[in-house]
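Trainee: Could you take me through one loop in close detail? I am new to this model.

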Amino acid sequence: MNRSPRTALGTSTAALAIAFGSLILTAPNSAAEPVDYGKGGGKEDTGGGSDDTGIYAAARIQYSGAVAKSGGSGNVASSDVNWTPPPCWYAPYLGAKDFKKKMSKDIDTSKNTPGMGGTAGSAIGEMERHYEDDYGWTDTPGYKDYNVEKDGEGMFWAGVENPDEPDYLKRKSCTDLPFWVENGDAPPPQYEEAITPEMLAALAYQHMELPDTEVTLAPEAITKVNLPTWAWLDDAAFDEVQATAAINVPGFNIEATTTATPKSLTLDPGTEDATTIPANGECPIADGRIGEPYAKGRSDETPPCGIVYGRSSNGGTFPLKASLTWEISWTGTGQGGPVGLPDGTIEAVQDITVQEAQAVNR
């Protein structure tokens with residue numbers, strides 16, 4: 001169970017918010033490479049930096065492979081509406097000397113702010129004692145001079161927001177005070193949101209950018225009433241796609257690769273006056289492909305994947321929606337084999353004109 005610093009410090013929520021708000025956590029949490037639809041590719045070193053003492057700071061997640069160019073969410077929608085990536089997490093933030101430089105400056109600024117007294121001022125004072133004078137509480141030891149004697153032997157960890165989490169309260173929920181983790185050690189168990197390979201896999205999923213679903217139709221855009229419209233996907237759509245997320249800092253190195261593999265195609269004709277083939281509209285992969293390309297002379301045959309429209313579009317069009325379902329799994333540091341994640345879907349809509357006629361020569 002997470003221990004709240006609000007309880008630990010014995011201050012009001014508002015006072016702690018003011019005190020803790022003086023610490024501006026600038027550790028970036030997202031940096032994506034251009035989309036390459038590859039199998040993982042090389043990694044861009046987007047993690048922190050170091051000064052002439054070799055102390056690293058501001059670790060950030062590195063993304064590589066098939067990820068969104070913007071660094072934001074990709075184009076994959078989870079089939080499980082209850083599944084979401086982590087809204088926030090705790091991750092390596094600063095080495096001891098860098099943390100002292102930043103935190104002590106922020107505390108001094110807050111202490112000297114006009115009107116900063118009462119409960120809020122007390123909270124700031126307790127925070128200062130926590131990092132300078134070894135003041136702690138149950139399961140949370142204090143620190144002597146910001147642990148500078150251990151500089152290089154570990155890092156302070158801090159909360160990081162997921163900027164793509166729409167729920168403000170969830171995004172802001174990792175509010176525990178920064179805590180120390182020795183190199184090679186796991187974070188204390190009370191920090192349940194400490195970053196893990198599984199969480200990295202979910203973040204890679206969130207940033208994953210899959211190829212657009214381009215369904216080939218015959219007839220292509222104008223079809224006839226009661227004439228089977230064949231639908232299939234090019235073989236190139238069946239390459240697996242991978243995205244990797246990693247954190248690499250001294251003493252802490254984890255990563256996870258999320259893999260997407262095409263599974264099935266679902267067709268929605270855009271009107272109730274149509275029949276899908278198969279009847280449920282889901283065309284599975286068979287013999288390494290979805291559907292079958294149309295060939296001249298097969299207009300009277302029933303395609304393995306397609307649509308039969310029962311009425312015309314009356315001079316307009318029907319919005320045919322094609323949803324390609326991808327099977328998602330991940331592997332990562334310390335993980336023996338692939339672990340399943342909810343399927344993902346990519347949707348595309350194309351306008352179809354349906355004309356009155358019983359047959360057409362193709």
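Mentor: Start at Asn147, which sits in the loop between H4 and E6. Helices (H or I, at least four residues) and strands (E, at least two) are DSSP runs, numbered from the N terminus. The model is predicted, so local features need pLDDT of at least 70, side-chain atom pairs need 80 or more, and totals for chains, interfaces and linings use all residues. Residues count from 1 along each chain as its sequence is written, and side-chain values use heavy atoms, without hydrogens or water.

Now the backbone. Most residues other than glycine have a negative phi. Asn147 is not a glycine, yet its phi is positive, near 65°. Asp145 lies in the loop between H4 and strand E6 (154–161) too. Its phi is also positive, about 50°, and Asp145 is no glycine either.

Next, accessibility. Asn147 has 11% relative accessibility, so it counts as buried (under 20%; exposed is over 50%, partly exposed in between; 1.4 Å probe, protein chains only). Asp145, at 30%, therefore counts as partly exposed.

Step back to H4. Helix H4 covers residues 118–132, and its axis comes within 10 Å of that of helix H3, residues 96–111. The axes cross at roughly 155°. They are lines fitted to C-alpha atoms over the stretch in contact, with angles from 0 to 180 degrees between N-to-C directions. In H4, Ile124, Met127, Glu128 and Tyr131 meet residues of H3 (heavy atoms within 4.5 Å). The H3 residues are Phe99, Met103, Ile107, Asp108, Ser110 and Lys111.
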